[in-house]
Amino acid sequence: MIRHDRNISESWVNLTWKKFRKDLFRLQRRVFKAVRVGDKRKARFLQKLILKSRAARLLAIRQVTQLNAGKKTAGIDGKTSLTFEERFALEKLLKLNYYNWHHNKLREIPIPKKDGKTRILKVPTIADRAWQALAKYALEPAHEATFHEKSYGFRPGRSAHDAQKILFNNLRSYCNGIDKRVIELDIEKCFDRIYHTTIMDRLIAPKGLKIGIFRCLKAGIHPDFPEQGTPQGGVVSPLLANIALNGIENIHQSVRYADDMVFILKPEDSPDRILRKIKIFLELRGMNVSEKKTKITAATDGFDFLGWHFKVQSNGKFRCVSSVDNFKAFSQKVKAIVNNSNYGSKVKAEKLAPLFRGWRNYHKFCKMDGTRNSLHFVQKRAFEVFNKEAKNTRYSSKQLLDKAFPAIPYSENKHVNVRGNKSPFDGDTTYWSERNSKLYDSETSFALKRQNHTCGHCDLRMFSEERVHLHHIDGNHNNWKMKNLLAVHESCHDYIHISKGKP
C-alpha cells in the first residue's frame, strides 16, 4: 500500500507542470486579445478550450489543494485535503462535468468585524473550489481586457501598493494635496447585495460556464435576498465582485481595491454631485452607500485605507504610515507569541520572523522611522523575555532578537506602479517578469536577476501570481551565500523537497 501511494505521489509530482502552464497561458493570452479587439465570439470559443483542457484542470486542482492560503479549510463535506489518488479522481470528475457543474451547499464560518458585527465566510468544498478555479482561468483573461486601470484589488499583476502610490501621486505637494479632500466610500454589505442579473448580464462566457456560475451564486444566497449576493470565500467571488463594480471609477478620479474605494476631490469638485452619481451606479446593481461609514475628509485631517493612514501635513508634505487598527492587530499577535509560556525563546523567534517580515514588507513604502512603527516597545519587551530564556539556548538574546525581527530596508513612496491598463495576459513576458522581480528585496531580487527572471527549477518566467521562494541548494538554511540560493516557484519548492524525501 505504501509503495502504491508513493507511485501515485511520484506520478503527480512528475506531471509536466511546465508544459501545462505554457498551454494554459497561451489560451488565456488569446482570450485576452480577442476581447481587447471586440471579438467575444472567438473569446467564448477559446474559453471552451480552456474548460476542456487537461492542463487547466490539473492546475486548478493543484491551486486549491497545494497553493491557496485556505487550502486546509474544510467545506460542508469536512474534507481538508486530498490524497494524490483523490486528485486524479477529481480531475476525471471535472472532465465529465465541467460544463454541467452542480455546486454543493456552503459551510458558513462567522468572522467577527472590528465594529462588533459578524461577517459570514461561506466556504465551498474542495471539488467546488477546483471547478471555480477552472472557471476563473477561463473568465479572468476575458474580463482583464475590460477592467479599469485604476482598479487594483484581487487582480493579477496588481497590488495594494499600486493603490497606495496612486494616492501619493495625487496628494503630494507637487499636486497641491493640501487643498484636496477625499470621499471614503463604504458600500453596505457589498458582496451580499450584488444583483445576480448584474453579474450574469456582464459575464463574458459560453452558456455552460454561465449556468455553472449562476448555480455557484445560488449556492450561497441569503434566504431574505434570493436574487442577490456572491458568497465570500469562493475562489471566483472576488472576480465576480470586480465584474459588478467595474466602471464606478469613471464617475470621478479615484482608486479602487475590490469594494474599498477613495475618490479624490479638488477644491472646485462637488462631493454631493459625485455621491449622487455613485448612489445611482450602486442602486442599479443592488447595492447602497453606507451613510454611516462614508465620509468626506480633508487630506490634512488624514484617512485610513487598506491598513494605512494617509495624511497631508501642514507643510504640504504627504505621509503614509500603518493605521492604528493595523498596528494594534499586529502588536497583539506579536505579544501573544512573546508571552506564550508554551514556547521556548528559539521557537518564539522562529514564529515571530515571518510575522514581522510580512508586516514590514506590506508597509515598506511607508514612513517608518521616527514613529511608533519602529516597534521599539515591542522589541524591548521581546528582548526582556529572550534575556530571561537565553540561558536555555545556545543563542544570545541579541541573536534571538535579530532572528525574530530581521532588518528589512524601507523606501518611502518608491513603489513603481503598474503601467496603465497592462495585464499579465497581454503577453509582454519581459515587462512582467522584470517587474515582478522588483517586488522582492535583497537575496530574492538578486537571485531572480541572476536567473534572468526565470524559475531555477522549471525554467518558466516569473510572471505568474505564484509566490517566489528561495531554495537553499545545500539544505543548510543558515548558508545565505548567493551561490547557495535559487529563486523558485512556491510549488516548485515543494516538489524539490518532496523529491528529496523531506517535508
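The following exercises, with worked solutions, concern a predicted model.

Residues are numbered from 1 along each chain as its sequence is written, and side-chain values use heavy atoms, with hydrogens and water left out. Local features need pLDDT of at least 70, side-chain atom pairs count only at pLDDT 80 or more, and totals for chains, interfaces and linings use all residues.

**Exercise 1.** Determine what span helix α4 (residues 54–67) should have at 1.5 Å a residue.

*Solution.* Helices are DSSP runs of H or I with at least four residues, numbered from the N terminus. The expected span is 1.5 Å times one less than the number of residues.

**Exercise 2.** Decide how far α4 is enclosed by the rest of the structure.

*Solution.* Buried means under 20% relative accessible area, with a 1.4 Å probe and protein chains only. Of the 14 residues of α4, 12 are buried, so the helix is largely enclosed. Among them are Leu 58, Leu 59 and Ile 61.

**Exercise 3.** Describe how α13 (residues 324–338) and α14 (residues 345–362) are arranged.

*Solution.* Axes are lines fitted to C-alpha atoms over the stretch in contact, with angles from 0 to 180 degrees between N-to-C directions. The two axes come within 9 Å and cross at roughly 170°. Angles over 145 degrees count as roughly antiparallel; α13 and α14 are therefore roughly antiparallel to each other.

**Exercise 4.** Classify Tyr 152 as buried or exposed.

*Solution.* Tyr 152 lies in the loop between α6 (126–144) and α7 (160–171). Its relative accessibility is 3%, so Tyr 152 counts as buried.

How values were computed: Helix = DSSP H or I, 4+ residues; strand = E, 2+ residues; numbered from the N terminus. Buried < 20%, exposed > 50% of the residue type's maximum accessible area, 1.4 Å probe, protein only. Parallel < 35°, antiparallel > 145°, perpendicular 65-115°, else oblique.
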